[in-house]
Amino acid sequence: MSKANTGSIPLIGLEEDMQVLSQMLKKDDDFGEVILIVGSKGAGKTTLVNEVYKNTVNYPRFEVTIWVTVLEQPGNVLLDIVKQTPDQIITRRRKENMKDPEEKLVDVLSSSRCLIVFDDLNSLEAWKLIRDLLRRVYSESKIMVTTPRRDLAKIESNWVSTTYEMRRLSDAQSWELLNARVPVPPDLKEVARDLLRKCMGLPLAILTAGEMLLRTATTQDRWSEVLNQPHLQLDSRTSKATVDALPPNSKECISCFKLFHEHYDVPKRRLFALWVAEELVQNENGSGESPEKLAEKCLMELVHEDFIQVAEWKTDGKVKTCRLNQTLRENWLSKEGGEASENKKPERPVRLADHLDNKGDCFSHIHSCERLSRSSLQQYQYVRSFLSFDLWEGPVPGVDIGNFLGKGIAMRCFKMLRVIDLESVFRPKLPNSIGNIIQLRYLGLRGTYLEVLPSSIGNLLNLRTLDLKHTCIRRLPSSVWKMQRLQHLYLTEIYRCGFVAPPATCSLINIQTLWGVFVDEETPFSDGLDRLVSLRKLGLACRLTKSQQEALAKWIVKLNNLESLRLRSIDEMVQPSDLYVESLSGLKYLSNIYLFGELVNQFVINDFPVSLTEISLSLSKLKEDPAPRLEKLPNLRTLNLYSRSYVGNKMVCSVGGFPLLQGLNLWMLEQLEEWIVEKGAMTILKKVEIRSCSKLKMIPDGFQHLVHCQQIKLTSMPDSFKERVSKNEGEDWHKIAHVPTIVVADWDKIAWVPTEVTYRGGAM
């Protein structure tokens, strides 16, 4: 087997990729496959595939493994394959005869199961030679191709079986990788984080920066000099000329970042609220995709082109928070004034953000006690989006915002307003005249603790998103169903905001998000909830009879587009109650699920869909060990077994189980005594917390094989258990000594605050 000659990039951040690709190769099928691994230069493609390639020695499926580094001259591809083919495979032609390399390669592929890697393919001409060759043979071989060319999958869609897109590293992964190369002193953390922002989540750039820091004195000034090194900048992608070449809507999407502070990690949902409400992402090819799907595509394209940096990924592989490329913000956005116009800054703003900056005009207009004139408000008549970041506590922020909106509406200045985002502004005094902003698409009141909605809310006939999560709203006005275009409704379940059934005359069927709603015995199901058939996110707190729970369960299994499900079953005293759920195996898009309450039909966990990436169970009272069932879910990244979710005394995680699991929480499993983790289980687990498992005797022996684990947290565990993990002395210390961070935590029952002791491991 020939070996690739690659750099020594650690596998930090690539563990999941390695598992996924390995599973593709391990599939026991009779079909050939072309797997395209796509990623930017320096993303770690070669390092990743080389690691998978080296492990193929354990796969009896492959008789021949060949690694080819694709050169600029495409004719060399075939020659390299022949040179690396074992002599015993070529039985009818002598290897020294180099006149017909193509015919020899056909012989190999048609008679042997091969794994062939074409590394760093950057030429369509080279690909066409490979493609034409593959067309002539019938083979059960696997072909892996690494390339920076994303267009290859589209151009050759008939040949490429799977396209695997490599993600950039998150902030946490970038930090871990940098510290693996150079320990960062506490007083230089901010400089290091600024440096990582320049690296855009590229492992090669991070390691290059780490090497430079190793050779640099550990002072603020010297480390700051590294920030300005040219090869850490991505100017080729973020120059003004490159940005100006983007379509106008893409430039507008980028300019939305100006509304947020430079170091603020923007939640994707807030960004999409702007893009969708302002119609910056549109369906131009008639595909029928939702605006949110189009926004997702636009975001990923801007990420791939280095305009946007991902700060945190969700467990389902989608972006959670992001920021603008630092160089782009400095070199383009600030100079352009945040607008896409390349000629001059608009005379009147189209987006307005209140950052409590007393140097801006809007500060005096919003927060001044002086009477506002019509002329001062007229400058806002073209504003499409208004965001406030006034996070001061007390009544003043809410009153200021209310007065500003009320006066602006009265003077007919907000006729074009589509977005009002007041997230975390304390109890804004929304004027009743808000119903006059008829173009409003998004009303974001998350975290405002608002208690009452204006009665005119139903007049917002174009509203698509009403976000009342973490507010104190206890009841929605029935007029909410007048908003026929409403698609996303977020409430707060702890306040038991009841579901108001749409009237029979309401044709609303396209609502996609119903979150935090309380349903009880009086909630109508027939011609009520069951009319909502397009839901993608559903979160309910339930106080229902047995027959109503069964009706609810039958409705849920018909929600074919459902992606997220949260169900809490409570009784009249708000205590956990029985929860009835039917088989969810048909929900092929379901990625995360949270179930709270004693599962009546416990077999339901046997039928969880393979699409699940996150599972949370609480008070389920499972009698049989759930691990043998859950460990077979191929995409599961996070598992939370909370209070009494399992009431048995033994749990076994077997070899090969939980292949992609990275986060595990075992809380208050009060009967659990023995936990067995076999070698080869949970191989890429990153973080685990064991909390209040009072009968658990010891750390599993298998923990010593969890080489990728970064943190183990033990909270409120018995003294005898904690003694076993005492650094360098405890009986179980050798099992976890390789883990960089071990946290032992307890609660001070008098002050009711957590106390923690942190051990630094990392020694193998």
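This is a predicted model: local features need pLDDT of at least 70, side-chain atom pairs count only at pLDDT 80 or more; totals for chains, interfaces and linings use all residues.
Figure 1. β2 is joined by six bridges to strand β3 (residues 114–119), and the two run parallel. Within this pair, I66 has I116 in β3 as its bridge partner.

**Figure 2. Packing of helix α7 against helix α9.** Helix α7 (residues 171–181) and helix α9 (residues 203–214) have axes 9 Å apart and pack at an angle of about 35°. The crossing of α7 past α9 is right-handed. On the α7 side the contact is made by S174, L177, L178 and R181.

Figure 3. An open sheet of three strands has the order β6-β8-β7, with antiparallel pairing. β6 (266–267) and β7 (308–313) are at the edges and have a single partner strand each, so one side of each is left without a neighbour in the sheet. Two bridges, in the antiparallel sense, pair β6 with strand β8 (residues 319–324). V266 has its bridge partner in β8, namely C322. Helix α15 (residues 291–304) packs on the sheet and touches β7 and β8. The direction of α15 makes about 110° with that of β7.

**Figure 4. Helix α13.** Helix α13 (residues 248–255) is mostly covered, with six of its eight residues buried. The buried residues are S250, K251, E252, C253, I254 and S255. Charged side chains are found in this list, K251 and E252 being buried along with the others.

**Figure 5. Strand β19 and its two parallel partners.** Strand β19 (residues 592–596) is mostly covered: of its five residues, four are buried. Strand β17 (residues 564–569) pairs with β19 in the parallel sense over five bridges. In this pairing R566 stands opposite Y594 of β19. β19 is also joined by five bridges to strand β21 (residues 614–618), and these strands run parallel. Here N592 stands opposite E614 in β21.

**Figure 6. Nonpolar cores and the surroundings of F608.** The largest nonpolar core has 114 residues. Those with the most contacts inside this core are L538, W555, I556, F608, I615, W675 and M682. Helix α19 (residues 396–410) supplies the largest share of the core, four residues. Another core, of 39 residues, lies apart from the largest one and includes F257, A295, C322 and V419. When neighbours within four places in sequence are left aside, F608 is in contact with L584, I593, L595, I615, L630 and L633. Of these, I593 and L595 fall within β19 (residues 592–596), and I615 falls within β21 (residues 614–618).

**Figure 7. H708 in the loop between β26 and β27.** H708 is placed in the loop between β26 (687–691) and β27 (711–715). The relative accessible area of H708 is 18%, which is under the 20% limit, so the residue counts as buried. Not counting residues up to four places away in sequence, H708 touches E15, T683, I684, L685 and K686.

**Figure 8. The whole chain.** The protein has 23 helices and 29 strands. Of its 764 residues, 55% count as buried. Among contacts between residues at least 6 apart in sequence, 62% join residues at least 24 apart.

Note on methods. Residues are numbered from 1 along each chain as its sequence is written. Side-chain values use heavy atoms; hydrogens and water are left out. Axes are lines fitted to C-alpha atoms, for helices over the stretch in contact, and angles run from 0 to 180 degrees between N-to-C directions. A crossing is left-handed if the near helix is turned anticlockwise from the far one by less than a right angle, and right-handed if clockwise. Contact means heavy atoms within 4.5 Å. Buried means under 20% relative accessible area, exposed over 50%, partly exposed in between (1.4 Å probe, protein chains only). Two strands pair if DSSP finds at least two bridges between them. A nonpolar core is a set of buried Ala, Val, Leu, Ile, Met, Phe, Trp, Tyr and Cys residues joined through side-chain atoms within 4.5 Å.
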